[in-house]
Amino acid sequence: MSDPSHPNDNYDIAIIGGGMVGISLALLLAQQKRWKIVVLESQPMDAAALPEYSPSFDARSTALSWSSRKIFQSLGIWSQLQRCASAISSIHVSDRGHFGLTRIQAQEAGVEALGYVVENNRLGSVLLETVANTDIHIRGAAEVTAIKALASSMRLSINSQQGASQINSKLLIIADGVDSSSAQKLGIQQHKKSYGDSGIVANISLEKPHNGIAYERFTDWGPMALLPLGDFQNRPRSALVWTQPSDLAESLMAADDEDFLSRLQERFGHRLGQFIGVGDRVSYPLALTTTEEQVRRRLVVVGNAAHSLHPVAGQGFNLSMRDVAALAKSFADLPEGADIGSLNHLQQYQRQQSADQRDRLIFSDNLPRLFGLSSSLAALGRNSGLLMMDLIPPLRNHFARFGMGLDNSEVDYGQS
Ligand SMILES: Cc1cc2nc3c(=O)[nH]c(=O)nc-3n(C[C@H](O)[C@H](O)[C@H](O)COP(=O)(O)OP(=O)(O)OC[C@H]3O[C@@H](n4cnc5c(N)ncnc54)[C@H](O)[C@@H]3O)c2cc1C
């Protein structure tokens, strides 16, 4: 049965997955006013009811890099995001029980902030409210049951509350997250390396103000990050991402709030004073996932569906934003009448992004392992590394630029 509200749907671009990356890409493409775009999302899509169901816009917070800020600026939504984002004025990196310590300052790097922390559900509300004012077709609670590559389009079979339907699109973009079922439907191989760790995420209320400092602390059980958030009920807050071996994470998830906070305090110390309270805790199993193919004729895989990284350095979403900004820009440059699904063109995009993707992947994969090693030689190496960064400002500056996503990017993201 065809869906009567969407008869004979033919699109230029269909995006499967209306998460952080899929929606951001749809907005970048809609700006060009050239393409008929549809986003297919398996969850209902309603900005007002996000926290309950959205796997993307959930209880997490995301550290946005300077490059992501520039991309959101180019979309004209940075001022809305900035209102609910906390600026990172400095990053404090330390290794529990060792002498190395480094501080990376925004001022020294010559920027207003090293990054911005925003709660995912706030980010989701801004993105979905913006999408509602475009002519992007959003189809929530829609399940793609089959994908077929035809000569001049991709044909998608869809099940939704309105019944079964089909659409054709000149280009298909897969943005349905880690373990992408759409990529699997097309026989695209995915590689997964489990870290055997879980990342516990929660908002922590603090005794002392965080003063815009992001703490990255490496402990013998795994790295923890406390990122500055806006106040809640007049209390300063930080967003915790605490990597733990999965069995320890399970016991932390089962602990009552008081026990959880005292274990956290014991691992982190008292730089932020006493930890006063903890919000909902969510645990994510951590793995490095990559896909064998990111492009085919009429097909691109982006976001977590293409590469999902360890969250230790807050790189995953920021990297994906640079990918989708580069992809959108490549379509803007297409001459009138050119085929948007041309393999040659899509391969050029992939070549352009490969160095950025490779560098982030290696960095996020190695960092927790380097700090996870307890041998004294490894400890010496990482501590002298941290000390060197503290003693040699250009090295620290390079690290800061890497974190901000400004190091090897060739794309001009728009306004600075
Ligand atoms: C604990 C943690 C902390 C993190 N912190 C940071 C950070 O500070 N900075 C940073 O840059 N990155 C961070 N990341 C990474 C970041 O969260 C991801 O890069 C980002 O979520 C990827 O977004 P996505 O849209 O590709 O995938 P997702 O967020 O998974 O969204 C996928 C969407 O597709 C939908 N979907 C799934 N299957 C289907 C289907 N078959 N059909 C239709 N729709 C479907 C889902 O419902 C969802 O809406 C963190 C990750 C974790 C786990």
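**Close-up views of a ligand site and a helix pair**

View 1. An oxygen atom of the ligand is 2.6 Å from an N or O atom in the side chain of Glu-41. This is a predicted model: local features need pLDDT of at least 70, side-chain atom pairs count only at pLDDT 80 or more, and totals for chains, interfaces and linings use all residues. Residues are numbered from 1 along each chain as its sequence is written, and side-chain values use heavy atoms, with hydrogens and water left out. A polar backbone atom of Val-21 is 3.0 Å from a ligand oxygen. For Asn-304, a backbone N or O atom lies 2.8 Å from an oxygen atom of the ligand. Such a polar contact is a pair of N or O atoms within 3.5 Å.

**View 2. The shell around the ligand.** The ligand alone exposes 1000 Å², and the protein buries 90% of that (Shrake-Rupley method, 1.4 Å probe). It is surrounded by 29 residues (a heavy atom within 4 Å). The closest are Glu-41, Ser-56, Arg-60, Ala-63 and Asn-304. Helix 1, strand 3 (61-64) and helix 10 (316-332) each give two or more residues to this shell. Helix 10 gives the most, with three. Helices (H or I, at least four residues) and strands (E, at least two) are DSSP runs, numbered from the N terminus. The shell divides into 11 nonpolar, 15 polar and three charged residues. Gly counts as polar here; Asp, Glu, Lys and Arg count as charged.

**View 3. Helix 1 against helix 6.** The axes of helix 1 (residues 20-30) and helix 6 (residues 120-132) come within 10 Å and cross at roughly 30°. Axes are lines fitted to C-alpha atoms, and angles run from 0 to 180 degrees between N-to-C directions. Helix 1 makes the contact (heavy atoms within 4.5 Å) through Met-20, Ile-23, Ser-24 and Leu-27. Residues from helix 6 include Asn-120, Leu-123 and Thr-130. The contact residues divide into seven nonpolar, three polar and no charged.

Definitions and conventions:
Polar contact = N/O pair within 3.5 Å; in protein donor to acceptor, adjacent residues only side chain to side chain.
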